[in-house]
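Welcome to a short tour of a protein model. Please look over the sequence and the 3D view, then read on.

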Amino acid sequence: DDFGSHNVVTEAVYEKWKGHFFQLFRDPARRAVSFYQDKYVKLLGNPSEAMSLEANARLHAGHCLRFVEPRCHGGHTGLAVRPTGACYFDEQVKARLDEGWAYVGITDEFDVSICLFHAKFGGKCSPNEQQNIRPSDYKFGHTSRRDPIRDADELRAKYVDVQDTKLYNYAVERFERELRTYDVTPERCEYLRCLTPKVGYFFADGGRVNASRRYP
């Protein structure tokens, strides 16, 4: 029941799978925009009068941290988990990620993350691994479409989810460090059959994670 679920990592689950967790982390503002689009815009059409993007982001602050840190979820294990008591990104969370997570990727650098996966664990990319099988259209109302990167940038200027941002930044540090450790380059990705236009653009654009990057 643990594998591939959307449940939080309880202490029992952590001890059972310690050292074998795989996870893609996402910039909190971009995750908030995606969540808002999926859970509110699609259902309500134009929910801004009932709840703004910023209000929704504040309501779900610390969402990702609560999924990896048992102190934060108070035994509630589903998607609707809410914070209980103090919930902070600290040295204990860092140790938990360092010791428990075998692999860390970045959602918005998905193609590069897949290349890192194969560089670290072996094997070569299959053609279907880097396909987007659930693309978002970000349709707002009946006619216009939102720009998720612009919306995330605007949200970030108004509100920052402090704890999830600390978690995300720590994941980014590890991701970029492992790109160097496992010699992830366009040439290596090509050898691994993981080279895509986005991989090439990532390295041409500096080879660093950038939540505001727009791929051609």
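How much space lies in the largest cavity? The answer is about 40 Å³. This is a predicted model, in which local features need pLDDT of at least 70 and side-chain atom pairs count only at pLDDT 80 or more, while totals for chains, interfaces and linings use all residues. Residues are numbered from 1 along each chain as its sequence is written, and side-chain values use heavy atoms, with hydrogens and water left out.

**The cavity**

- Rolling a probe the size of a water molecule over the atoms shows where empty space is left.
- A cavity here is a set of points, on a 1 Å grid over the protein atoms alone, where a 1.4 Å probe fits but cannot get out; its volume is the space filled by probe spheres set on the points, which are joined across faces, edges and corners.
- The count comes to 1 cavity of 30 Å³ or more.
- Its lining (residues with an atom within 4 Å of a point) is made of Phe25, Arg26, Pro28, Arg31, Cys64, Asp164, Leu167 and Tyr168.
- Helix H2 (28-44) and H8 each supply at least two lining residues, and H8 gives the largest share, with 3 residues. Helices are DSSP runs (H or I, at least four residues), numbered from the N terminus.
- The lining divides into 5 nonpolar residues, no polar ones and 3 charged. Nonpolar covers Ala, Val, Leu, Ile, Met, Phe, Trp, Tyr, Cys and Pro, charged covers Asp, Glu, Lys and Arg, and the others, Gly among them, are polar.

**Two buried residues**

- Leucine 53 sits in helix H3 (residues 53-59) and is buried, with a relative accessible area of 18%. It counts as buried because the cut-off is under 20% (exposed is over 50%, partly exposed in between, with a 1.4 Å probe and protein chains only).
- Beyond its neighbours within four places in sequence, leucine 53 is in contact (heavy atoms within 4.5 Å) with Ala32, Val33, Tyr36, Asp151 and Leu155.
- Glutamate 69 lies in the loop between helix H4 (63-68) and helix H5 (91-100), and is buried at 2% relative accessibility.
- Setting aside neighbours within four places in sequence, glutamate 69 is in contact with Gln92, Val93 and Arg96.

**Two positive phi angles**

- Most residues other than glycine have a negative phi.
- Aspartate 183, although not a glycine, has a positive phi of about 50°. Aspartate 183 is in the loop between helix H8 (162-181) and helix H9 (186-191), and is partly exposed at 45%.
- Arginine 193 is not a glycine either, yet has a positive phi of about 65°. Arginine 193 is in the loop between H9 and helix H10 (197-204), and is exposed at 59%.

Note on methods
1 Å grid on protein atoms, 1.4 Å probe; cavity = no way out; pocket = protein on both sides within 12 Å on 5 of 7 lines; lining within 4 Å.
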